[in-house]
Amino acid sequence: MASSIELAQFLLIRAVELDERGRWTESLTFYQDGVTELLKHVRGLSNKGDQQKIRDKIETYINRAEVLKGKLDEKKKMGNYHEQIEIANNEKGVTYEKLFGRFLDENVEQIDVTDPYIHNKHQCYNFLQFCELAIKNCKNVKRINLLTTYADRPQHSNKTARVKQEENLKQLQESLRKMKITLNINYSNTLHDREIVLSNDWVIKIGRGLDIFCHVPEFSIGFTDLSLRPCKETVVNIFHRASLIK
């Protein structure tokens, strides 16, 4: 198991890399976690000189994070913040939490999910896991709106698939209702776009929608822990708009 200083080094190197690449929201998370590990490390030092060296580093990283927050806030006010994440084919270690969990916070009361492919069992599982993440991170969420397509669109002609799709989503709808969260489900025959719009003004556009993970059989590694499952190649674009059309 890595020591606090080793983990801090890894986190802060990653923070600087993301900072330089303009992925500021991710970078801030790594700065915060890295500083936390440095604070753990400094508490275990007895030499005052060594303690001061670490405290100086902590101050440097905190100052950089504050500058970054200021730049991010300015971009958000202008309504033109954009961050892009590229996911390689068969890449592992990706989860919804890592991709956009930092945007799901107590300021989110409504989530609008537009995804034409919430059809099959595994796609419904994806949406379920997204809802679970939203519940954990968004303490004040009251409504989730899903816009998708029917599983039996003309090119599919599979009535059984549509029935299963509706059964799965209605079961999730009832489960959320018991938690006092409304899930509205609507369908479109012509839908193509994929995006997640949060009521705190963050917009997440995923090239493949929520269906970014490769299929693995049940009772296989990666079936429940998505970080162990290979991904499909895609691009995630994250925007912040000063005001959304309500």
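Begin at the interface of domain 1 and domain 2, across which the rule finds zero salt bridges (a salt bridge being a side-chain nitrogen of Lys or Arg within 4 Å of a carboxyl oxygen of Asp or Glu). This is a predicted model, in which local features need pLDDT of at least 70 and side-chain atom pairs count only at pLDDT 80 or more, while totals for chains, interfaces and linings use all residues. Residues are numbered from 1 along each chain as its sequence is written, and side-chain values use heavy atoms, with hydrogens and water left out.

Next, colour the chain by its two parts, domain 1 (4-78) and domain 2 (82-243), whose bounds come from an automatic or database domain assignment. The C-alpha centres of domain 1 and domain 2 lie 31 Å apart, and the contact (heavy atoms within 4.5 Å) takes nine residues from domain 1 and eight residues from domain 2.

Now select Arg 23, Thr 25 and Lys 76 in domain 1, which lose the most area to domain 2, together 66% of what that side buries. Buried area is the accessible area (1.4 Å probe) that two parts lose on being put together, summed over both, and for domain 1 and domain 2 the value is about 690 Å², with 54% of it on carbon and sulfur atoms.

Finally, select Ile 196 and look around this residue: leaving aside residues up to four places away in sequence, Ile 196 touches Phe 100, Ile 111, Asp 112, Val 113, Phe 130, Trp 202, Val 203, Ile 204, Ile 206 and Leu 210.
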